[in-house]
Amino acid sequence: MSAKRSQKFLTIVEILAYLLAGWSFFVLFFEGVFHEFSHYPQIEIITALANLSLAIFATILKLIAPKKPSDSVWFDLSMIVFGFLMMFYQIKYLIFILLIRQSYYFLQYMLFRLFEGKLSRAISRSPSLSLMLSFALVIVLGAVLLMMPTASVSGQNTSFIDSLFTATSATCVTGLSVVDIGSHFTLFGQIVILILIQIGALGIMTISTAFALILGRRLNLRLENVMHNVVGGNERIDIFRLLKSIVLVTITIEAFGAILLYFVFSRRMSPPAAMYNSIFHSISAFSNAGISLFADSFRTYINDPLLNVTIITLITLGGIGFAVLIDLFRYFTSRDKPRKLSLHSKIVLITTASIIVLGFLGIFIAEHGKSLIAHPLKTRVLASLFQSISSRTAGFNTMDIKQLSPASTFVIYLLMFIGASPGSTGGGVKTTTVALLILWVVAMFRGKKEVSLFNRRIPLSNIREATILVTLASAMIFVFGYALMLTQDFSFDDILFETVSAFGTVGLSRGITPDLSSAGKLLITLLMYLGRIGPLTLVYALGTRKHQAHIVFAEEKIPIG
């Protein structure tokens with residue numbers, strides 16, 4: 001067969017496969033519709049065999065082509081073999097695996113072939129847009145997996161809105177949930193959620209790098225520079241070396257956390273259950289996700305020192321950022337270089353410690369004679385410290401959030417808004433943002449025109465970005481809070497708490513999340529997504545930079561304050 005004829009047949013097969021992919025999605029996730037009209041198992045088998053036949057035919061055409069088979073042939077063969085094996089377990093898995101194959105090729109077509117690859121080039125020129133699409137792609141894939149009947153205990157499809165909400169909450173390491181994770185999802189569904197949490201924890205660098213590698217593209221210098229700026233790494237370090245360090249640090253810390261948590265859970269559970277729960281909660285804690293398999297989070301363990309200390313340590317390590325963790329590791333282990341922390345690490349550590357202490361004092365003083373009055377002093381200290389650390393981005397709780405006093409609630413508002421540190425697994429406006437604004441105010445009081453710390457001058461551009469970030473964050477909370485108040489029938493306090501929690505990717509709630517309407521769930525889903533990628537990323541992705549003539553206008557001051 002000639003190359004031209006072979007390519008023509010392959011194009012026809014691809015078009016048929018795209019059409020069949022749409023039908024396969026309908027068969028997988030709208031099973032109830034078919035039960036009303038016909039025999040579903042027969043439709044399922046026919047759909048699976050049609051998918052398998054087209055995949056095999058397309059692979060044969062690629063193999064007999066005159067040119068050397070590409071890497072896609074081996075991808076096709078592996079998917080066909082794996083799908084064929086899964087067919088003997090459950091026919092749905094064959095359809096789903098081949099649907100993933102076709103979705104991959106459809107994505108490649110949309111990015112690199114449609115409009116002569118203009119879409120791909122536009123994305124590569126905008127790392128911020130690449131980041132947004134990367135997270136969106138992972139979220140959509142996670143939502144599709146969670147919609148599968150095998151993901152829910154009931155064996156029924158979880159609604160698209162609930163699946164999308166859960167996938168977004170896991171990927172954006174938020175923790176808000178419209179269903180009880182431990183009782184609603186099967187082991188398969190929980191593992192999907194855990195994978196989404198881990199992807200979200202590894203965050204911007206890993207997602208962006210993986211996105212580029214999966215699509216078969218090398219990282220350009222612009223994307224590498226953005227990744228270094230986000231994570232805070234030294235630009236002289238190879239990006240893949242830095243990525244390797246991040247993965248190694250993550251696995252090491254989560255493994256130690258799981259070992260410690262095993263001793264806690266093994267007192268009440270069988271060894272396999274204790275091991276699974278320890279791994280799940282260790283990953284969730286280090287990721288600052290706040291997603292728990294227990295309906296009451298950790299309120300049962302309010303008196304357990306080992307669990308409290310382990311969880312708050314994991315949350316803190318995950319919240320200070322990978323750059324700081326790597327910097328600390330080098331500080332304590334390096335022998336060749338002088339021991340000196342970067343300015344970023346110093347600011348993060350000092351600000352984080354200050355916020356934790358102030359949050360602890362605020363909650364301890366407010367709840368000492370109220371919700372914690374029945375507990376001994378040791379438990380009051382542990383609970384206040386736990387909630388101070390968890391409220392910044394993690395979302396676990398050992399206290400009933402609905403029963404907290406207004407003073408404690410106000411403290412938690414501030415903690416959720418501030419959040420974690422840059423390049424970490426948490427959200428919020430970030431500790432460095434707050435630190436820079438405080439230093440700027442202090443400099444103004446002292447009559448200084450510049451901000452300096454530890455014998456280093458901080459550029460005005462950093463101050464400007466911090467101001468913009470806080471302004472945009474406040475605007476987002478106002479807009480989404482207003483929209484939720486228009487569409488939801490809850491109190492002002494409950495809605496505002498939910499809004500700030502979603503933006504800060506915290507996951508704490510006053511109990512209204514499961515009762516949100518479809519509109520409310522979609523609003524919170526979008527806010528969690530925007531809170532994770534960050535307002536500045538959104539501005540950089542949507543903003544257009546045009547060449548402008550260098551014109552300096554006359555200056556005129558206006559009254560302020």
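Start with the salt bridges: the structure holds four. A salt bridge here is a side-chain nitrogen of Lys or Arg within 4 Å of a carboxyl oxygen of Asp or Glu. This is a predicted model: local features need pLDDT of at least 70, side-chain atom pairs count only at pLDDT 80 or more, and totals for chains, interfaces and linings use all residues. Numbering runs from 1 along each chain as its sequence is written, and side-chain values use heavy atoms, with hydrogens and water left out.

**Stop 1: Lys521 and Asp162.** Select both side chains. They meet in a salt bridge, 2.8 Å from N to O. The pair links distant parts of the chain, 359 residues apart: Lys521 sits in helix α22 (residues 518–533) and Asp162 in helix α8 (residues 160–171). Helices (H or I, at least four residues) are DSSP runs, numbered from the N terminus. Lys521 is buried, at 12% relative accessible area. Asp162 is buried too, at 15%. Buried means under 20% relative accessible area, exposed over 50%, and partly exposed in between (1.4 Å probe, protein chains only).

**Stop 2: Arg267 and Asp304.** Here the closest N and O atoms are 2.7 Å apart. Arg267 lies in the loop between α12 (239–265) and α13 (271–286), and Asp304 in the loop between α13 and α14, so the bridge ties together parts 37 residues apart in sequence. Arg267 is exposed, at 54% relative accessibility. Asp304 is buried, at 10%.

**Stop 3: Arg510, Asp494 and α21.** Select Arg510 and Asp494. Their side chains form a salt bridge (2.5 Å, N to O). Arg510 is in the loop between α21 and α22, while Asp494 is in helix α21, so parts 16 residues apart in sequence are tied together. Arg510 is buried at 18%, and Asp494 is buried at 16%.

Now show the whole of α21 (residues 492–503). Its 12 residues should span 16 Å at 1.5 Å a residue, and the end C-alpha atoms are 17 Å apart, which agrees. The expected span is 1.5 Å times one less than the number of residues. Nine of the 12 residues are buried, so α21 is largely enclosed by the rest of the structure. Among them are Phe497, Glu498 and Ala502. After the helix comes Thr505, with a positive phi near 50 degrees.

**Stop 4: the cores.** Select Ile524. Its contacts (heavy atoms within 4.5 Å) include Glu498 and Ala502, as well as Phe165, Leu176, Leu484 and Leu516, not counting residues up to four places away in sequence. Ile524 is also one of the residues touching the most other members of the largest nonpolar core, which has 82 residues. Helix α7 (residues 127–147) gives the most to this core, with 10 residues. Apart from it lies another core, of 30 residues, including Val264 and Ile389. A nonpolar core is a set of buried Ala, Val, Leu, Ile, Met, Phe, Trp, Tyr and Cys residues joined through side-chain atoms within 4.5 Å.

Stop 5: Show helix α17 (residues 377–393). It reaches 26 Å from first C-alpha to last, close to the 24 Å expected. Of its 17 residues, 13 are buried. Gly395 follows, with a positive phi near 95 degrees. Next, select Thr398, in the loop between α17 and α18 (406–418). Thr398 is buried, at 3% relative accessibility. Its contacts include Asn308, Phe386 and Gln387. Finish on Asn308, in helix α14 (residues 305–319). Asn308 is buried, at 0% relative accessibility. Asn308 touches Tyr301, Leu382 and Phe386, among others.

How values were computed. Helix = DSSP H or I, 4+ residues; strand = E, 2+ residues; numbered from the N terminus.
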